Amino acid sequence: MTDRNIRVEAIDRDAVEDQEVEIVERKGIGHPDSISDGVAEHVSEALAQAYLDRVGTVLHFNTDETQLVAGEAAPAYGGGEVQSPIYLLIVGRATKEYQGTKIPTERIALEAAREYLEENIPKLDVGSDIVVDVKLGEGSGDLQEVFGEDGVSVPMANDTSFGVGHAPMTETERIVYEAEQRLNGEYAETNPELGPDVKIMGKREGDQVDVTVAAAIVDEYVADLEEYDEAVQGVRSFVESVADEITDRSVDVYVNTADDYEQESVYLTVTGTSAEQGDDGSVGRGNRVSGLITPNRSMSMEASSGKNPVNHIGKIYNLLSTEIAQDVVDDVEGIRDLRVRLLSQIGRPIDQPHVADVHVITEEGVAVADIEAEVTEIVDERLADVTSITERVIAGELDTF
């Protein structure tokens with residue numbers, strides 16, 4: 001084991017599962033912030049792969065300033081129309097030429113954005129319902145070494161920054177996360193009236209869990225208010241079934257609570273996303289790398305999506321700390337709650353953090369000193385393999401939101 005600065009200590013607080021009040025949020029894949037995150041990250045993957053294919057190494061780039069400006073729509077039972085398109089601006093930096101080889105970064109970005117939108121927001125017609133623009137300034141051209149080659153050194157941190165991870169998920173976190181994933185997965189496959197813009201907020205007070213769902217309903221698939229209500233009730237029932245699989249606590253589910261049936265003012269959309277009507281989006285304003293927004297836990301404010309995966313700490317350390325936390329909980333017995341914080345120092349190798357700080361809440365009868373060596377070994381091994389994060393990000397194997 002190398003001489004890395006790894007610290008393991010107790011957390012001076014209750015485990016999140018034991019706290020009296022817990023708040024958890026997840027913005028689904030069709031939320032405007034998630035659209036921005038998803039496009040930025042898919043463009044990032046495409047640029048990295050293009051650099052590898054064309055010049056053999058990942059060059060300097062970032063697309064983590066992508067912005068979405070909402071459009072205007074007129075939904076109607078049986079099918080309405082988008083009247084003013086959504087505008088998506090891919091913003092960042094990219095190296096456009098290296099050692100005489102020119103790289104068409106804007107075209108690569110546009111193709112990647114179209115691919116992502118068509119796959120994940122299928123009711124959005126790219127070019128008419130949403131207009132995609134690209135403004136990539138010239139990158140510095142600094143060479144970022146390829147991971148995995150014999151003799152290649154570990155990259156230096158691009159910034160003095162930190163990443164945070166935690167495990168295990170609480171029951172409330174699991175309900176919120178799994179409900180959105182399954183609504184946009186198995187449920188949507190047989191219920192096309194549900195759009196991908198599903199936002200879920202979970203609140204637990206003691207043993208009472210309230211789950212509030214904002215579910216965009218696609219107008220094409222509902223003929224009237226009665227069918228709209230059936231769609232809402234279907235979402236409610238499904239989320240209740242997901243919660244029943246996870247917890248024995250009392251769970252109440254609320255769907256589209258702003259609806260006014262008397263005025264027929266309901267959450268009806270043409271495209272399945274609130275981006276069609278006044279809801280803007282930005283990279284980094286949504287889910288953390290954990291897939292959740294968790295006020296009861298420490299979080300990094302970095303926008304991980306779209307960042308260069310070679311040495312950008314805002315991406316690498318958030319992904320790595322999250323995986324380390326889960327690995328420790330999976331492999332070490334007696335841990336009830338755990339937080340991992342990785343701090344970089346600019347110019348320092350990314351496998352040598354300024355500090356790797358692990359805070360633990362153990363189960364009754366287990367002392368932190370009893371597991372310190374085991375935890376330290378896992379952290380050390382994962383830091384030694386930090387470069388694998390880059391490879392998996394480029395391959396699209398890791399989620400950043």
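The following legends describe close-up views of a predicted model.

**View 1. A negative surface patch draws on helix 5 and helix 6.** Seven named acidic positions make up this patch: Asp330, Asp331, Glu333, Glu363, Glu374, Glu377 and Glu381. Helix 5 spans residues 313–331 and helix 6 spans residues 368–384, and each of these helices supplies at least two residues of the patch. The most is given by helix 6, which contributes three residues.

**View 2. Asp330 is an exposed member of the negative patch.**

**View 3. Strand 2 and strand 14 pair in antiparallel fashion.** Strand 2 comprises residues 21–27 and strand 14 comprises residues 194–205; seven bridges join them. One of the residue pairs is formed by Glu25 and Met201, the latter being the bridge partner in strand 14.

**View 4. A nonpolar surface patch comprises Val21, Ile23 and Met201.** Together, these three residues have about 210 Å² of accessible area. Ile23 belongs to strand 2.

**View 5. Strand 14 and strand 15 form an antiparallel hairpin.** Nine bridges join strand 14 to strand 15, the latter covering residues 208–218. Glu205 has Gln208, in strand 15, as its bridge partner. Two residues stand between the strands of this hairpin. Gly206 takes a positive phi near 65° in the hairpin.

**View 6. Thr212 is a partly exposed residue of strand 15.** Thr212 is placed in strand 15, which is joined to strand 14 by nine bridges. The relative accessible area of Thr212 is 32%; this residue is therefore partly exposed, as the value lies between 20% and 50%. Thr212 and Pro196 are separated by 16 residues in sequence, and their C-alpha atoms are 16 Å apart in space.

Notes. Residues are numbered from 1 along each chain as its sequence is written. This is a predicted model: local features need pLDDT of at least 70, side-chain atom pairs count only at pLDDT 80 or more; totals for chains, interfaces and linings use all residues. Side-chain values use heavy atoms; hydrogens and water are left out. Patches are made of residues with over 30% relative accessible area and no salt bridge: like charges are joined within 9 Å, nonpolar side chains (Val, Leu, Ile, Met, Phe, Trp, Tyr) within 5 Å. Accessible areas come from the Shrake-Rupley method with a 1.4 Å probe; for residues, only the protein chains shown count as cover. A salt bridge is a side-chain nitrogen of Lys or Arg within 4 Å of a carboxyl oxygen of Asp or Glu. Lys and Arg count as positive and Asp and Glu as negative; His and the chain ends are not counted. The place of a charge is taken as NZ of Lys, CZ of Arg, CG of Asp or CD of Glu. Helices (H or I, at least four residues) and strands (E, at least two) are DSSP runs, numbered from the N terminus. Buried means under 20% relative accessible area, exposed over 50%, partly exposed in between (1.4 Å probe, protein chains only). Two strands pair if DSSP finds at least two bridges between them.
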